[in-house]
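Subject: The structure, and some notes to go with it

Hi,

Here is the structure I promised to pass on.

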Amino acid sequence: MNERRILARAPSNIAIVKYMGKADVARNLPANPSLSMTLSNLCTFVEIRPSAESRLVAEKPEGARGESPSLSAEGAAKFLRHLARVFERAPTLLAPFGVVVRPAEAVEIRTANTFPAAAGIASSASSFAALTLAAAAYAAEDVEAFRAVYAKDPELRRRLAALSREGSGSSCRSFEGPFVAWDGERVEAVESALRPLSDLVVVVSAGEKKVGSSEAHRRVRTSPHWEGRTIRAANRYADLRRALARGEFAALREIADADFRDMHRLFESSEPPFSYFAPGTEAVLAFLGSFAEGNAPIAVTMDAGPNVHVIVHQADEERWRRTLADRFPEFPVLVDREGTGAEFTVTGVAGGEARS
Ligand code: PMV
């Protein structure tokens, strides 16, 4: 048996223009283009190693940080289905890059998240991106050949991103960074002239979500505000690309604000309506709103959850962390920075350990 072990690490990402609603449910094609900032330390590790039968092991991978999450039976089955999808597609996906694939074999998967399970941070983007990369690297006959292409040819990242999208939509934006655009089948890094940014996550509530994202994607179509959503999001997407190219933080702030409010208004006007807001979310938003009105360089957004993401220049990160911690001592603040996307290490093949 081949003793190769692959350890992939993929970060989470925070959308400024949100993916909400699917154009094709089976293939996870989005109703509108989206654009996100890739994070770095809020991430998932996935390790793949040979085994007698394919299974998920509830242990932390060797060399990983964080904690092994407890997956539901449904979550575990979805993960294993995606593993099978990557192994099945690997030969056609890797052939154009001159990478040969070896026969599929049974493997064990171990996974860990650096963000606490109770932080209310969605892990599907980071975990599916890490799984896709780990499985593709594992499948390559010559992992060093795979590594070389992965390091220098962005097209391989785009293809892996498209495959990852089929497991979890937003995971396709975790292969590059700091800014990544997703439009239909296409995923690509976009140029930004902004100074380096940080994301401060105010963890207002860490509880389990009542409405999962698949259900949210379905239900928003019942909202009277669904009409026009695709166009509103596509316009913001175009505006954001322009703002990034010009380094206009104030425009990013306006777009982030308009789009997360648009998405949450869809949730609240769906049939039946739902809300992710928790006691405290409004107070945090109001507090931050007072700074935004004063033109402070902060952008605020929320995902399908109760927590508030505050995007600031890295140079101001500590000052804002303190401001938030002083005003809301009851809410933990996770601090992360923009990053460059998924990567992997190999152990167990000749030559020991190497990093992508
Ligand atoms: O990738 P999914 O199906 O879990 O959808 C996530 C959608 C949002 O996080 C709410 C927005 C986004 O673009 O990431």
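Below is what I found, starting with how to read the numbers.

This is a predicted model, in which local features need pLDDT of at least 70, side-chain atom pairs count only at pLDDT 80 or more, and totals for chains, interfaces and linings use all residues. Residues are numbered from 1 along each chain as its sequence is written, and side-chain values use heavy atoms, with hydrogens and water left out.

**The ligand**

Let's begin with the ligand. It is surrounded by 14 residues, and the closest are Tyr19, Ser170, Arg173, Ser213 and His217; a residue counts here if one of its heavy atoms lies within 4 Å of the ligand. By class, this shell has five nonpolar, six polar and three charged residues. In that sorting, Ala, Val, Leu, Ile, Met, Phe, Trp, Tyr, Cys and Pro are nonpolar, Asp, Glu, Lys and Arg are charged, and the others, Gly among them, are polar.

Some polar contacts (pairs of N or O atoms within 3.5 Å; within protein, one must be able to donate a hydrogen and the other to accept it, and residues adjacent in sequence count only if both atoms are side-chain atoms) are worth a look. Arginine 173 places a polar side-chain atom 2.7 Å from an oxygen atom of the ligand. For tyrosine 19, a polar backbone atom is 2.8 Å from a ligand oxygen, and for histidine 217, an N or O atom of the side chain is 3.0 Å from an oxygen atom of the ligand. On its own the ligand has 380 Å² of accessible area, and the protein covers 91% of that. Such areas come from the Shrake-Rupley method with a 1.4 Å probe; for residues, only the protein chains shown count as cover.

Next, find glycine 21, in the loop between strand 1 (5-17) and strand 2. Helices (H or I, at least four residues) and strands (E, at least two) are DSSP runs, numbered from the N terminus. Glycine 21 is buried, at 0% relative accessible area; buried means under 20%, exposed over 50%, and partly exposed in between (1.4 Å probe, protein chains only). Setting aside residues up to four places away in sequence, glycine 21 touches Pro30, Ala31, His217, Val220 and Trp226, where contact means heavy atoms within 4.5 Å.

Tryptophan 226 sits in the loop between helix 5 (213-219) and helix 6 (229-246). With a relative accessible area of 14%, tryptophan 226 is buried. Beyond its neighbours within four places in sequence, tryptophan 226 is in contact with Met20, Gly21, Ala31, Val220, Arg221 and Leu266.

Leaving out residues up to four places away in sequence, aspartate 262 touches Arg229, Arg232 and Arg236. Aspartate 257 is found in helix 7 too, but is partly exposed at 30% relative accessibility. In helix 8, alanine 283 is partly exposed, with a relative accessible area of 36%.

Helix 9 (residues 317-327) has Glu317, Trp320 and Leu324 buried. Viewed down the helix axis, the buried residues fall within an arc of 75 degrees, so they line one face of helix 9; the arc is that of the directions from the helix axis to the C-beta atoms. An α-helix has 3.6 residues a turn, so residues three or four places apart point the same way. The cover over the buried residues of helix 9 includes strand 9 (197-202), helix 8 (281-293), strand 10 (298-301), strand 11 (308-313) and strand 12 (333-337).

**Backbone details**

Finally, the backbone. Glycine 177 and proline 178 are joined by a cis peptide bond, with omega about 5 degrees; proline 178 is in the loop between helix 4 (154-167) and strand 7 (179-183). The peptide bond from glutamate 271 to proline 272 is also cis, with omega near -5 degrees, and proline 272 lies in the loop between helix 7 and helix 8. Asparagine 28 has a phi near 55 degrees, a positive value in a residue other than glycine. Asparagine 28 lies in the loop between strand 2 (22-24) and strand 3 (29-30) and is buried, at 6% relative accessible area.

Happy exploring!
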